[in-house]
Amino acid sequence: MQSFEFTAVARIINGVGSALELAAQCRRLGVERPLLVTDPGLMSIGLIQPVLAALEKEGLSPLVFDQVREDPPEATVLAAAELARRGNIDGVIAVGGGSSMDVAKVVAVLLGSQQTLSELYGVDQVTGGRLPLILVPTTAGTGSEVTPVAVITTGETTKAGVSSPVLLPDVAVLDASLTLGLPASITAMTGVDAMVHAIEAYTSRHKKNPLSDNLAVKALALLSRNIRTAVHEGGNREARENMLLGACLAGQAFANAPVGAVHALAYPLGGHYHIPHGLSNSLVLPCVLEFNASHAEELYAELAEVVIGAPVAGSASAKSAALTAALRQLVDDVKLPATLQQAGVKESDLEMLASDAMLQQRLLMNNPRDVSYEDALSIYKAAYGGGA
């Protein structure tokens, strides 16, 4: 067996209502005045107010930053950090999607060290510590609550990542009641995002390991069996719990066995067209799997029965093809656009997108098959029309 290293969050709390018990975790970490990072949408629907009330009831004095938006820019991170400094906060809580959790991670580092934001970008560039950090996801998708990565928008079409074990929180809290009101489209997009995390972790070229493999398989089983119910029966608590746990397990898997070409080709779609990340992944997923099949069909064959939920007959090649077909059907079942054309991407932009995808070498190096510019363009062309 090849040697490997596996890192994980120290404490994961899973249970309906657990978000209302954050005060106990704050006390354990010595936090009295936390910054609560969230977005205006969650504030407007009243999801955050009970969490704040529960903290205040226990004598804590939370300060709220609620201006996070999707693909958060540097200005948002810096504004949250400045508010935290003025408010003398001593810990950070995020209650929200991946964007809120990413902002909270970086703010915790900025407030706990002397580094500037620009000094944090890259792998293992965090040299100081951070403030106590608690992450509470409200979507079942990014798995950011258990990953050591935060992605920040640095320009009109560019993003940069901060990757360091320092970003792993002290506590991740999974409370499915916070996901019950998610719209069907967001449930679908974030759910497919989590499935991609599991699939790409299972086939990661360099850091695939037994622990991440088992997490990926369990995650994919939970997600595949529950995503349709969660999308079409949004109030189904059991399905929501399974989706949230599945996304968390997938997050742990890809935090240790990094993602590849699906994400690399998805990022330019988000950068240029502001397509939500989960949908960007969904749009290129089947065509990337078809491209990778020559190098990963044995692994895809193993995942086919997990996704389909029943034995699949035939050769490894046939099972790999069955996995791709099942995922295409899933995209249709949860009512997501199936092609780049349907998502509003211009065919004349495909060459630009392929060029931008080649900048994601930190991801492409994990893909089971090498990806050239010509390969990326071919995948985009296939995804534009819905097939190879």
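Helix α9 (residues 261-273) and helix α12 (residues 350-357) pack at an angle of about 120°, with 8 Å between their axes, and α9 and α12 are therefore oblique to each other. Angles under 35 degrees count as roughly parallel, over 145 as roughly antiparallel, 65 to 115 as roughly perpendicular and the rest as oblique. Axes are lines fitted to C-alpha atoms, for helices over the stretch in contact, and angles run from 0 to 180 degrees between N-to-C directions; helices are DSSP runs (H or I, at least four residues), numbered from the N terminus.

The model is a predicted one, in which local features need pLDDT of at least 70 and side-chain atom pairs count only at pLDDT 80 or more, while totals for chains, interfaces and linings use all residues. Residues are numbered from 1 along each chain as its sequence is written, and side-chain values use heavy atoms, with hydrogens and water left out.

In the contact (heavy atoms within 4.5 Å), A264, L265, P268, L269 and H272 of α9 meet M352, L353, D356 and A357 of α12. By class, this contact of α9 with α12 has seven nonpolar, one polar and one charged residues, where Ala, Val, Leu, Ile, Met, Phe, Trp, Tyr, Cys and Pro count as nonpolar, Asp, Glu, Lys and Arg as charged, and the others, Gly among them, as polar.

Helix α9 also packs against helix α10 (residues 277-308), and the residues of α9 that meet α10 include A261, V262, Y267 and G270. The contact of α9 with α10 divides into nine nonpolar, five polar and no charged residues.

| Pair | Angle | Axis distance |
|---|---|---|
| α9 and α12 | about 120° | 8 Å |
| α9 and α10 | about 135° | 8 Å |
| α6 and α7 | about 160° | 9 Å |

Helix α6 (residues 184-202) and helix α7 (residues 210-232) form a further packed pair, and α6 and α7 are therefore roughly antiparallel to each other. Their contact is made by residues including G191, M195 and Y202 of α6 and D213, L220 and I227 of α7, and its residues divide into 16 nonpolar, three polar and one charged.

Y202 is also part of a charge-ring arrangement, as the charged end of K208 sits over the ring of Y202, 3.7 Å from its centre; here NZ of Lys or CZ of Arg must be within 6 Å of the ring centre and within 35 degrees of the ring normal. R369 likewise lies over the face of F291, at 3.9 Å from the ring centre.

Terms used. Helix = DSSP H or I, 4+ residues; strand = E, 2+ residues; numbered from the N terminus.
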